[in-house]
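This briefing is meant to be read alongside the sequence and the coordinates.

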Amino acid sequence: MTSTGRDALKADSPSSSTPEQPSPQPADERAECIQAALARALLELRTKRGWSVYDLEERSGVSRSTLSRIERALTSPTVTVLARVCWAYDHSVASLVAEAEGNYPADPRDTIAAQL
């Protein structure tokens, strides 16, 4: 191969010195949507019962700061934490997740479009 042929190949291949920024994957966006839907569902369960975050902390053993961050969708609960909260509500994890899955659009871009 001639030097000009090698140069042409190099021009077609991406340079390792300028890495491309990965675009957000749809799965990431869906995870954010389900996190927000779980947060809304958990907040709704607590407010329907008239419980404060302190009441839920006492019943679940999960700290108020963690509960607050989960309800504001700032963090995702671990399965163990989610189970403890659901047990406090006498609610199954499976039904809570199913409810949350039903409350977010199939395509997260629909949420963005609805906000515009």
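The points below describe a predicted model, grouped by topic.

**Overall make-up**
- The protein contains 7 helices and 0 strands, so that, read from the N terminus on, its elements follow the order α-α-α-α-α-α-α.
- Of the 116 residues in the protein, 26% are buried, and the protein exposes about 8000 Å², of which carbon and sulfur atoms supply 53%.
- Among the contacts with a separation of 6 or more, 60% are made by residues 24 or more positions apart.

**Confidence**
- The average pLDDT of the protein is 79, and 67% of the residues score at least 70.
- Helix 3 (residues 53-60) has the highest confidence, at a mean of 97, whereas helix 7 (residues 109-115) has the lowest, at 49.
- Over residues 8-16 the pLDDT stays under 50, and for this stretch the model has 2 contacts beyond four places in sequence.
- Where pLDDT is low, the predicted coordinates should not be read in detail.

**A closer look at L38**
- L38 lies in helix 2, which spans residues 26-49.
- The relative accessible area of L38 is 12%, and because buried means under 20%, L38 counts as buried.
- Apart from its neighbours within four places in sequence, L38 is in contact with L96, V97 and A100.
- L38 and A100 are 62 residues apart along the chain, yet their C-alpha atoms are separated by 5.3 Å.

Methods
Residues are numbered from 1 along each chain as its sequence is written. This is a predicted model: local features need pLDDT of at least 70, side-chain atom pairs count only at pLDDT 80 or more; totals for chains, interfaces and linings use all residues. Side-chain values use heavy atoms; hydrogens and water are left out. Helices (H or I, at least four residues) and strands (E, at least two) are DSSP runs, numbered from the N terminus. Buried means under 20% relative accessible area, exposed over 50%, partly exposed in between (1.4 Å probe, protein chains only). Contact means heavy atoms within 4.5 Å. Accessible areas come from the Shrake-Rupley method with a 1.4 Å probe; for residues, only the protein chains shown count as cover. pLDDT is the predictor's confidence in each residue, from 0 to 100.
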